[in-house]
Amino acid sequence: MTSQHPSSRTFRGNLVLILLGALVAALVVGGVLWARSNTTWIKEKAGGSAWYLTYEGKSVRGEPRATAVRYRHNPDRYKPEKRDERLGSTRLPWSTKVVVNTGAEARVEVTPAGDGIASCRILLDGVRVVAQGRSPGPGRPAVCHVITSRTPEKWPR
């Protein structure tokens, strides 16, 4: 007479391993789906949701100089405060890298010297142009501004 115990024990062991594997897989998939839908919320609660932008100004016509350059940025990506900077006479082309919080206004204004014409651009991560402008007339400032996306890591097209 042969015993049925070893094969039924093996069957139960395999069944437990299969069920355990399915449970682990379900937990991993559930965790990934939860993290995907809650990443924005976590970042907002942790603070520090901001965009890295590059402001640029250049002379289109006239002297390669601006009488004034003004721009807005956030000095601390973990706080909602903003700061407006004003530079006096500035050689063009000019650029600076700034941090602007999510949902905040990014702004740069370049006033050309004399009867010159200036242009400005705001670039996301130094590559993608998200705003651009040009002086409406000689000696008038070129203004670029955009409201940054409220969703971290998702800038609308």
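Analyst: **Aromatic rings and their surroundings**

Tryptophan 94 has a relative accessible area of 12%, so this residue counts as buried; buried means under 20% relative accessible area, exposed means over 50%, and partly exposed covers what lies in between, all with a 1.4 Å probe and with protein chains only. The model is predicted, so local features need pLDDT of at least 70 and side-chain atom pairs count only at pLDDT 80 or more, while totals for chains, interfaces and linings use all residues. Residues are numbered from 1 along each chain as its sequence is written, and side-chain values use heavy atoms, leaving out hydrogens and water.

Searching the whole structure gives 2 aromatic pairs, where rings of Phe, Tyr and Trp (its six-membered ring) pair if their centres lie within 6.5 Å, and where planes under 30 degrees apart are called stacked, over 60 edge-to-face, and the rest tilted. Because tyrosine 55 lies in strand β1 and tyrosine 71 in strand β2 (residues 65-73), the pair ties together parts that are 16 residues apart in sequence. Strands here are DSSP runs of E with at least two residues, helices are runs of H or I with at least four, and numbering starts from the N terminus. Tyrosine 55 and tyrosine 71 are both buried, and for tyrosine 71 the relative accessibility is 13%.

Tyrosine 71 also pairs with tryptophan 94 in a tilted arrangement, with 5.7 Å from centre to centre and 45° between the planes. This second pair links distant parts of the chain, since tyrosine 71 is in strand β2 and tryptophan 94 is in strand β5, 23 residues away. Taken together, Tyr55, Tyr71 and Trp94 make up one aromatic cluster.

In strand β4 itself we find threonine 90, which is buried because its relative accessibility is 11%. Its side chain reaches the backbone oxygen of glycine 88 at 2.8 Å. If we set aside neighbours within four places in sequence, threonine 90 is in contact, meaning heavy atoms within 4.5 Å, with Arg65, Ala66 and Val69.

Two of the strands named above, β1 and β5, also belong to an open sheet of 4 strands in the order β5-β1-β7-β8, with antiparallel pairing; two strands pair if DSSP finds at least two bridges between them. The edges are β5 (94-101) and β8 (128-134), each with a single partner strand, so one side of each has no neighbour in the sheet. Strand β1 (residues 50-61) pairs with β5 in the antiparallel sense over 8 bridges, and serine 95 in β5 is the bridge partner of glutamate 56. Strands of a sheet pair through backbone hydrogen bonds, in either a parallel or an antiparallel way.

How values were computed: A polar contact is a pair of N or O atoms within 3.5 Å; within protein, one must be able to donate a hydrogen and the other to accept it, and residues adjacent in sequence count only if both atoms are side-chain atoms.
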